[in-house]
Amino acid sequence: MNNPFENTALEETRRYFLGRGAGVSLGAMAFSLLENLRRATAEPKQNLGLPDLPHNPPRTKNVIFLTQSGGPSQIELFDHKPNLMKWAGKELPDSIRGGQRLTTMTANQKQLIMPSRTKFQRYGESGATLGEWLPYHGEIADELCFIKSMVTDEINHAPAMTKFLTGHQLPGRPSIGAWSSYGLGSENQNLPDYLVLISKMKRPSDQPLYDHYWGSGFLPSQYQGVKLRNAKEPVLYLRDPNGMPRSVRRGMLNGISELNQMRLKQTGDPEIETRIRQYEMAWRMQSSIPELNDLSDEPESTFELYGPDSRRPGSYAANCVQARRLIERGVRFVQLFHPDWDHHSRLSSWCIARCRDTDQASAALVKDLKQRGLLDETLVIWGGEFGRGVAGQGKWDSPEGGRDHHPRCFTTWLAGGGVKAGLTYGATDEFSYNVAENPVHVRDLHATVLHLLGIDHERFTYRHQGLDFKLTGVEPSRIIKEILT
Amino acid sequence: MTDLSRLIFVLLCALTGNVVCAADKINFSHEILPILSDRCFHCHGPDPTHREADLRLDLVEAATENRDGTFAIAPGKPELSEVLARITSSDSDLLMPPADSHRKPLTKKQIATIRQWIAEGAQWGKHWSFEPPVKVALHGQEANLNPIDALVQRKLTEARLTFSEPASRRTLIRRLSFDLTGLPPSVEDVEAFVNDNSPDADLKLVNRLLKSKHYGERMAMWWLDLARYSDTDGFQQDSTRTNWPWRDWVIQSFNENKPFDQFTIEQFAGDLLPDATDEQKLATCFHRNHMTNGEGGRDPEESRVDYVIDRVNTTGTVWLGLTLGCCQCHSHKFDPISQTDYYSLYAFFNSIDEDGKAGNRAKPYLKYQSPLAERAVLESQQVVDQRKPLEAAALQQAKQEFEPWLMEQMQRVENGFTAWHLPELRSVKSVEGTVLTAEKTGVIQASGPTPRQDDYRLVAATALPRITGLRLEVFPHESHTGGKLSRGDSGEFILTDVKLQVRREGSSQLKDIDFVSAIADVEKDVKGRNYGKIKDTLDDDPRNGWTTETHDAQQKHVAVFELAEPLQLEESEELIFVMLHRSTEGDANIGRFRVMLTDQPGPAVRSLEPMPLEVLAAANLKEPEKLEPKLKQRLLDQFLVDHDLYQQRKTELDQAQAQLAQVKKGAGELNVMVLAERQEPRQTFVLERGVWDKHGKQVTRSVPAAVLPLPAEQTKDRLDLAEWLVSRQNPLTARVVVNHLWQISFGTGLVRTPGDFGLQGELPTHPAVLDWLAVELMEHDWDLQHILRLIVTSRTYQQQSSLTAELLERDPENRLLARGARFRLPSWMIRDAALQASGLLNPALGGPPVMPYQPPGVWTEMFMGRFRYEPSQGAAQYRRSLYAFWRRSSAPTFLFDSAQRRVCEVQPRRTNTPLQALTLLNDQSMLESSRELARTAIQQKRTTEERLDFIAQHILSRTLKQQESEVLKQEQQQSFTFYQRNQDEALKLISSGQPPVVNKVSPDELAAYMVVASMVFNLDEAITHE
């Protein structure tokens, strides 16, 4: 049995040999080369990840990344600033703005402060504050670790999301899920290591979800995230054509395999052996994947927990149920995307709509994982590519008011595997504009997530075009030790 | 030495690319520099910002200078060389590289090499690729050989290996055809070649292939990938651009065998050439193929800087084989390129008359009309012409069926006709607390609490055979504010969204049903995103919706919603209709309303007029002749909506007509993005840490001196830059280019990092071959075909590719070239080969992009409906993959492992995954090719064996062996048995794809052979360069 996205074992050998893989030295090569070659030709292996991993004892096995695309407003949802009321309608002091650039959408308007459109409430023993649009989050407040001091460098969606997920603002680097899959491999023999679920929405979103967000960049393409579509064909090309029953398909695959075996004997190319196995894996995926999209075997209580929208296949809530099921099946990295958090106008009706899509199900997922004893080994991450500015966009005091992008601070929460529950880490100034204490750059979050998976981000490199690339890039980054259990 | 250790030794020498083995003098650039670069230069190299101890090891003067009596390197005196002491130190504080650098310590062998080098006098040199290439002398016998073979032979002899046997003639013609044209040979070509015993048969074949117009297409695919060519901008808007005439310019240039220096000069500076032609200006589109970002809120200057950077990086990768991108933020850590060098190159591209915008504002443009579009128009016109009579015939048939239907309807409506039906309400509830009460008339009244916002949820069943539309009536009521329409402050309502779902009894799952249009009697007239229009209730956006404010609020209002497709409910299924009142300020929930359903199709639910059958009923006619023509037409229109055959033919015609309109646009004058200098040149600054608005010191145009210095008067503009790139003295360009040509023929380059010839790149496996070819290229006026001809007529190239266990073990990556190259074909070649083998291929050259089949919904999902992919109709469907429309954010789905065309990519991807298997098994192009090849096999051959051989010959260029034939025969028979018993399935299998051609083959037989053809298309051999 082998992993679906495995390259040839020979390719693995190549990787060792070129010294590309993390920590594999050219020095040890001669013997390991011969050894690996023997293994390559004799007994193909599944994707077990890299041989020198983990670097440190892993604190979590799996990751569920609840990506909120568009930039949710920390000011309405998490970052309670009661004193802002007295600044309402006043201009943001230059000392606070500190030369922060604006997008061209608001660069030419006065930066007039718009206090939060929501009331806040304290929840749980931890006393975390949450805006009134996230009532269900209140129920799990003691499970969550809020990082209120997230920082990024990017001010526009595509570069910011690209950085949030790949560490660099330009497309072309592997996403964090691809890095995980490359480093750690998978436990499931019939499913990809890294699956992506996107909420099906009616509203045309202004921010497309590019596939480089879950791409493998310069890593071999078997590590890229596989998008599980909510369509007749959950994975592209998975469905056999109309008029081809499974029996005929099976017969074909038997024949292909037999003929490929003959070719293998003639040419001696081990790549053929891999191909034979990949065709078999394709066959298995044709049954293992469609059943993922079928939630009908879940008990009624699941849908009650995740909310009415979870009955609607393709919704964020249904995808949360899916995420738990995938983790149960041994998928390493599950990434959800919920679009349309880009609330430049009519924030109070628009943002609340996205909260209604996601609040109950996000909370339910954490509760559900906990009930099932999976939360200890699963890291849940909730967040978007940046935050939103304190100044109103449009008229600050009209219902039409919204907020522009803001990179200098935003809130992300983590829960589960190896992270302190009921903690709020980092703080912003009284305008939720600058980080006042314990800044956490996107890079630091990446370093921390890798650390929780047992990977030292400094040593986890891949050689591409002559350079050793790592997820956290060349700028210094740190593991946020303070939030770890 | 034991056998094993000797083997390892040989491997080490061979595989690390060492030219010289132990007995010889150490070669600095191949043996020492890579070690220094990898382990030392990060802190002791060209980049001053990370430099430690003020020590540079990349320069001889610095490394050997007297530093207060100590020497980092003391030539001839290993014992005095601090470097040696530090790399061998047992004190972990002193040991280099330091542990916290995460750089590996040096191996014993590396240390020994450095010691020997120092002992031999520490002879310095440049990195190999910065030294000018020279042809090594060929001795005696060698002079009669193809120099490639002579030089490869030398290394083989050192490694005690020999060339493999030559590949078979069949394999060779396949290999040559794929490499030089990207297509398999025809069956006739194979037979002719196999039977051609003339001594120059190979050369004749190669020359014929090089003259083929498909040669230009094959080479263009190489060039388009590294040129990051795309038909859209990328990023958020991902607007379509019309730069495809440049793609055709590339094909044309290769087909003319334009010398590579001229090819380069035109792409960099065609606009600056004296009396520049339109084609020369068109060539400069190369440097406009980068992504452009039109995202709202983005500073165009930031984007413009990105574009300039992209040009510099692409130039670095494609021509120089250097990772210049590193120098955007800091001086290169390994290669002798400084940040100043980088921005001096940047300066050449910094004064383009552009302003960082995207979409249709991405000037400068060349107005250009393509001579290659006319063919596409004719082709599309043909499809329309073919489909028109089919549509007309279907209409005729439908009209005949209409008359009896009309009679039937007239009888049916004699006693009146009810268009709208009350559903059987099962529950009526609100989410936030409004009390909803259904009256006998089906009218629902709100009472009780008045939450600011609320959703109403109706669950209902219906006896209607189908549902095509839904009508919502909103009534005034005395209990409402001012007797108006709601209980809110103003008495007005705002309905933000509606949703329709289906649930099966007892199931936990809901199914969304889409509405496609909505119409209302009145709506508030508003601009932009606001509350007014009824259609805004369909977009699930609470910031807009329907209100009748400004109209009479004491009167009933009505809206009709049309379903995207007629809905047939099963008995156990029920409907859920949700009305959302989620406006920003709220307090506008509908007070009194009724929902009704209809089964009347098409136009009937797109208007509020009485439906045709209602009018018919009211007219109360006995004779159809008396029917008013206008009403008759409405009835016919409605009848046609439900006429499946007519609808199918009409859709096919509509698609053809849409395509025709589209290609006609392409045949007109197009805006092609090109280079043009602005009047006033921009000043160029070093950008600190690469940040677009952090200006450092000012720089002027110049070229990196480490590569090849030029005086300032020769670096004035892009033309100078281009001439520098292809200068006879430039040590890099020719090497990089011949390496690409090698990669085209062998799957990997002689330098296996084609984008990095710098210190961190791999060393060439055969430096002498690389240099020989590079010099040869320059000496032969940059004639690419000359080099390709040399390569593919070499013995090295023509070896068989099969592996022995010994070869696999000794040289798994084929770095010694003791055998031919065996690798999976690029996915675009696999598709093209299938089209060619099946006879479907449309071999036309150039023209507007086409849309090969891809699974439905891919674009729609990504852009939430903003873009739709409509597969090309008619002959346009079967064009080569090169012409496939390339949406940057969603590359053609059938092209796995392809370059992404976002930034320049030169390293081929070659993975082997189950998703690729699924693509080749299920892609429509592969299926249709299987079917067409099967059809021809059946029509042209009689026995099963002959037919199977026919299929194999077309796909594999050979007949089947007995054993193989048995396997396929068995599958053919089993499938045939199945399809004989299941004719419906056979019809389904063979009927996908383009509208039917006349089928003279029985479906079960066709299906069975189609299965077999698909198997052969999926064989490893079929998709592999052998």
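This is a predicted model: local features need pLDDT of at least 70, side-chain atom pairs count only at pLDDT 80 or more; totals for chains, interfaces and linings use all residues.

Q: What's the strand order in the open sheet of chain B?
A: The order is 5-6-16-8-14-11, so six strands with antiparallel pairing.

Q: And which strands stand at the edges?
A: Strand 5 (435-438) and strand 11 (515-520) of chain B. Each has a single partner strand, so one side of each is left without a neighbour in the sheet.

Q: How much are neighbouring strands of that sheet turned against each other?
A: By 20° on average, if you ignore direction.

Q: Let's zoom out. How many helices and strands does chain B have?
A: Chain B has 34 helices and 21 strands. Its C-alpha atoms fill a box of roughly 115 × 75 × 65 Å along the principal axes.

Q: What share of chain B is buried?
A: Of its 1026 residues, 51% count as buried. Also, looking at contacts in chain B with a separation of 6 or more, 72% of them come from residues 24 or more positions apart.

Q: Helices next. At what angle do helix 22 and helix 24 of chain B pack?
A: About 45°, with the axes 10 Å apart. Those two are helix 22 (residues 733-746) and helix 24 (residues 784-792).

Q: Why are they called oblique?
A: Angles under 35 degrees count as roughly parallel and 65 to 115 as roughly perpendicular. The pair packs at about 45°, and helix 22 and helix 24 of chain B are therefore oblique to each other. The crossing is right-handed.

Q: Which residues meet there?
A: From helix 22 of chain B, you have B:V738, B:L741, B:W742 and B:S745. Helix 24 of chain B answers with B:L784, B:I787, B:L788, B:I791 and B:V792. By class, that contact has eight nonpolar residues, one polar and no charged ones.

Q: What about helix 32 and helix 34 of chain B, how do they cross?
A: Their axes come within 8 Å and cross at roughly 145°. This crossing is right-handed. Among the residues that meet are B:L968 and B:F976 in helix 32, and B:A1008 and B:V1012 in helix 34. The contact divides into nine nonpolar, three polar and three charged residues.

Q: Switching topic: how many residues does each chain give to the contact between A and B?
A: Chain B gives 90 and chain A gives 93. On the side of chain B that touches chain A, helix 32 of chain B gives the most, with eight residues. By class, that side has 28 nonpolar, 34 polar and 28 charged residues.

Q: Last one, over in chain A. Is A:K148 buried or exposed?
A: Buried, because 20 or more neighbours is the cut-off and A:K148 has 26 C-beta neighbours inside 10 Å. A:K148 is in strand 4 (residues 144-151) of chain A.

Q: What does A:K148 touch?
A: Leaving out residues up to four places away in sequence, A:K148 touches A:F78, A:D79, A:T411, A:T424, A:G426, A:A427 and A:T428. The C-alpha atoms of A:K148 and A:V440 are separated by 8.5 Å, though these residues are 292 residues apart along the chain.

Definitions and conventions:
Residues are numbered from 1 along each chain as its sequence is written. Chains are lettered from A and ligands numbered from 1 in the order in which they are written. Two residues are in contact if their C-beta atoms, placed from the backbone, lie within 7 Å. Helices (H or I, at least four residues) and strands (E, at least two) are DSSP runs, numbered from the N terminus. Ala, Val, Leu, Ile, Met, Phe, Trp, Tyr, Cys and Pro count as nonpolar, Asp, Glu, Lys and Arg as charged, and the others, Gly among them, as polar. A residue is buried if 20 or more other C-beta atoms lie within 10 Å of its own, exposed if 12 or fewer, and partly exposed in between; C-beta atoms are placed from the backbone. Axes are lines fitted to C-alpha atoms, for helices over the stretch in contact, and angles run from 0 to 180 degrees between N-to-C directions. Angles under 35 degrees count as roughly parallel, over 145 as roughly antiparallel, 65 to 115 as roughly perpendicular and the rest as oblique. A crossing is left-handed if the near helix is turned anticlockwise from the far one by less than a right angle, and right-handed if clockwise. Two strands pair if DSSP finds at least two bridges between them.
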